[in-house]
Amino acid sequence: MNTWFIIAQILGVITICFEFASYQIKDKTRYFLVTGIGSFFWAGMFVAMGLATGMSTQASLIVAATYSTIRNLVFYRIFLKNTPQSKEFGLNFLLAMIVVALVAGGISVVNAPEQVRWLHALGMMAALAFVIGQYLPGVHYVRITVVFYAAVVLLTQTPLNILYGDFRWNIMGIAIEGAKIISVLVFYARYANEPKTPQLMLAKP
Amino acid sequence: MFKIISDAGCDFTVAQATEFGVETVPFYIINENGVQKTSQPNPQDYMDKFTPYLKAGMDILAITISSKLSGSFNSASLAADMLKEDFPDRSILLVDSLSASIGQGLITREMVKMRDAGFSIQETAARANKIVQSTRVYVTVENLESLKRGGRIGPTTAFVGGILGLRPILHVVDGQVVQLDTVRGKKNALRMIGEAMVHTLKDEVQNVHICIGHVESQPDAEAFIAKLESDLQITLDTPLTEVGTAISTHTGPGAMAFAYCKKYTAFDAVALKEAA
């Protein structure tokens, strides 16, 4: 077996660990750090896959994963600093990211075969919803949108993609997206029976 | 005998100030191109308020809005220094509330209670400084434009926050206003603050004073109080307060403020003597 393929699988397993862990974290700052590191290994996995199977098939995924890594780590810095200036920068960065995603998604939709354009459009919407969900306050938006996003990615990048008639057996791709969905389910199962604490914590007098 | 004097940051009405025997020093309201701004009282304003009571043989205990939000404390300090030469036998003590609006109002009310209970000016000032440390003020703002004008948020944050219906929750920490959290929707913000107040105060509700304030948002504030009183099984002993211009110019209409502090009776007498 190709060494780069094996390295890609190892990086995929590391990605799964970080992605699973990130959706167990309530604190936004730590979430962005852990998911940012996960995205870094995710990008590494696609690079290794490209070296194993040819870069042309992985280029767009490498770009997407790198974009995700940069976005998560920039958001991490913004939430860590937590100043009006950093938040203003964060929002401008978010808007720029949305524009980039819209342009890239639009091109992808236009270039896709006509019968599956709706699927690409759905993917673009899911990605946008997820990026906005990450930035919105609270623990729920990011988890709801990531499940939607992961489900669409599963549909487009895995054997579930029956519409293409293109049976891509990317087991690691399935596992990573599956890990996100399972992690969200575990998160809600873990905290479902926890004594209710207020979402907002105020200081004692 | 001592006179309690507060700047207008305490948000007392004229009737309340008269009832409590508190003299207030107003802020200056400036209208710049249709936008209201406030300016602190100057030292002369404080001297004009202090002097008649000093001449009448009374000491002065003055409380001001946070020194990190306004120069009012500085003006009062300068006035006190200048008057010391003319009235060497009189005491002029100052309390920096490190707070504003209903937070400062709660501290002032406790000072009034201590004065009426026969505490000396030194005891009252020492306890007031303890109460300052226990005072918490939270504000939720509906109008992001006001925060943008005040430089607290940037134009993009105001624009996107407005579209998404985001409501920042601000709090006063060490005398400065900082953002605690952001919540979607006013209803959600009020629910979260209500739940958090019940969670924080339920075990010591007998030892705290709570006050709710609003800026042109009376129905929401009344509904909030009714729910809070029901959840905590108390009746608030401070009336719903309309937040004054010193704060409302920064928050705009629709804002609500929530404050609580320890009652003066909650502090240990020995510890207070040490602090004095």
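1. Two bridges join β10(B) to strand β11 (residues 241-242) of chain B, and the two run parallel; strands count as paired if DSSP finds at least two bridges between them. Helices (H or I, at least four residues) and strands (E, at least two) are DSSP runs, numbered from the N terminus. His214(B) has Glu242(B) as its bridge partner in β11(B). Between β10(B) and β11(B) the chain passes through helix α9 (residues 218-232) of chain B in a right-handed β-α-β crossover, that is, clockwise from the first strand over the helix to the second with the strands pointing away from the viewer.

2. This is a predicted model, in which local features need pLDDT of at least 70 and side-chain atom pairs count only at pLDDT 80 or more, while totals for chains, interfaces and linings use all residues. Residues are numbered from 1 along each chain as its sequence is written, and chains are lettered from A and ligands numbered from 1 in the order in which they are written.

3. Strand β12 (residues 256-262) of chain B runs antiparallel to β10(B), to which seven bridges join it, and His209(B) stands opposite Cys261(B).

4. Seven of the seven residues of β10(B) (residues 208-214) are buried, so the strand is largely enclosed by the rest of the structure; buried means that 20 or more other C-beta atoms, placed from the backbone, lie within 10 Å of the residue's own. One side carries Val208(B), Ile210(B), Ile212(B) and His214(B), and the other His209(B), Cys211(B) and Gly213(B).

5. In helix α4 (residues 84-111) of chain A, the buried residues include Leu91(A) and Leu94(A).

6. The contact takes 16 residues from chain A and 25 residues from chain B, counting residues whose C-beta atoms, placed from the backbone, lie within 7 Å.

Conventions:
A residue is buried if 20 or more other C-beta atoms lie within 10 Å of its own, exposed if 12 or fewer, and partly exposed in between; C-beta atoms are placed from the backbone. Two residues are in contact if their C-beta atoms, placed from the backbone, lie within 7 Å.
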